[in-house]
Amino acid sequence: MTASKEANVVEDVEMKDTEKVEEKKDPALLSVEDIKEQCRFIRRSVETKEPRFVLRVLRSIPATRRKLTPTVLRTLFRSLYTTDADKEYGKELVKFVEPAEELDQAATPSRAKSASPLCPEVDVYLSLLVLIHLLDKKKGEEALRCANLLMTKIDSHNRRTLDIISSKCYFYYTRCYEVLGKLSEC
């Protein structure tokens, strides 16, 4: 009996500090990473012809719109619009976003310079985010110009993979006209 009692004795051992102190990331940097991940989902949806990835991105718009700041948008444009053909579209979108500091380039790696051009679905999605940002900031006239530019982009592409995103764009397009009281002109 004594041997079994000794076997049941549990010794307290002091635990060493194994917790690592995690660095808190900048919320703007986390937002940029989230939106880049959404762009990857859109690209994957186009490549695999699976609409569920785009639907997942569109379902996350309410959470994404709360994270949109000029810093986040400008950093996204700098890191995603890298090829010469894309820079023109990026410059058009930057005009609608108020000046702000961009995040450090080392913290947000951009696409490779030799990468293929940004797919139209991602370009339209980023334009949609700018439009939503303008509507949230109550900049109606700028939002209307952005919405018209967005509709021009959508009309220039005849792709079935763009249909799901363009439906959301049409909603915000009519929302711009409604906010300005020009719904009859739409």
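What is the handedness of the crossing where H2 passes H3? The legends below take that up first, using a predicted model.

**View 1. Helix H2 beside helix H3 (residues 51–59).** The crossing here is left-handed. The two axes come within 7 Å and cross at roughly 155°. Angles over 145 degrees count as roughly antiparallel, so that is how H2 and H3 run relative to each other. On the H2 side, look for Gln 38, Phe 41, Ile 42, Arg 44, Ser 45 and Thr 48. Their partners on H3 are Pro 51, Phe 53, Val 54, Arg 56 and Val 57. Sorted by class, the contact of H2 with H3 comes to 6 nonpolar, 3 polar and 2 charged residues.

**View 2. Helix H2 (residues 27–48) against helix H7 (residues 120–136).** For this pair the packing angle is about 140°, and the axes sit 9 Å apart. H2 and H7 cross in the right-handed sense. H2 brings Ile 35, Gln 38, Cys 39, Ile 42, Arg 43 and Val 46 to the meeting, while H7 brings Glu 121, Val 122, Tyr 125, Leu 126 and Leu 129. That makes 8 nonpolar, 1 polar and 2 charged residues in the contact of H2 with H7.

**View 3. The largest nonpolar core and Tyr 125 within it.** This core holds 50 residues. Ile 35, Tyr 125, Leu 126, Val 130, Leu 131 and Cys 169 have the most contacts inside it. At least two core residues come from each of H2, H3, helix H5 (70–80), H7, helix H8 (140–156) and helix H9 (163–179). The top contributor to this core is H7, with 11 residues. Now pick out Tyr 125: setting aside neighbours within four places in sequence, this residue is in contact with Ile 35, Gln 38, Cys 39, Ile 42, Val 57, Ile 61, Thr 64 and Ile 165.

**View 4. Helix H5, a mostly covered helix.** Of the 11 residues in H5, 9 are buried. The buried set is Pro 70, Val 72, Leu 73, Arg 74, Thr 75, Leu 76, Phe 77, Ser 79 and Leu 80. What do these residues pack against? The buried residues of H5 pack against H2, helix H4 (61–67), helix H6 (84–94) and H7.

**View 5. Pro 70 of helix H5 with His 133 of helix H7.** Pro 70 has 16% relative accessibility and, being under 20%, counts as buried. His 133 is buried too, with a relative accessible area of 2%. Leaving out neighbours within four places in sequence, Pro 70 is in contact with Val 97, Glu 98, Ala 100 and His 133. With residues up to four places away not counted, His 133 touches Leu 68, Thr 69, Pro 70, Leu 73 and Glu 98. Glu 98 therefore turns up in the contact lists of both Pro 70 and His 133, with contact meaning heavy atoms within 4.5 Å. One more pair to find: Pro 70 and Glu 102 are 32 residues apart in sequence, with their C-alpha atoms 8.5 Å apart.

**View 6. Leu 149 on helix H8.** Is Leu 149 buried or partly exposed? At 23% relative accessibility, Leu 149 counts as partly exposed. Leu 149 touches Glu 92 and Phe 96, again not counting residues up to four places away in sequence. Ser 127 is 22 residues from Leu 149 in sequence, and the C-alpha to C-alpha distance between the two is 8.7 Å.

How values were computed
Residues numbered from 1 in each chain as written. Predicted model: local features only at pLDDT ≥ 70, side-chain atom pairs only at ≥ 80, totals over all residues. Heavy atoms only, no water. Axes fitted to C-alpha atoms, helices over the stretch in contact; angles between N-to-C directions. Helix = DSSP H or I, 4+ residues; strand = E, 2+ residues; numbered from the N terminus. Left-handed = near helix turned anticlockwise from the far one by under 90°. Nonpolar A, V, L, I, M, F, W, Y, C, P; charged D, E, K, R; others polar. Parallel < 35°, antiparallel > 145°, perpendicular 65-115°, else oblique. Core = buried A, V, L, I, M, F, W, Y, C linked by side-chain atoms within 4.5 Å. Buried < 20%, exposed > 50% of the residue type's maximum accessible area, 1.4 Å probe, protein only.
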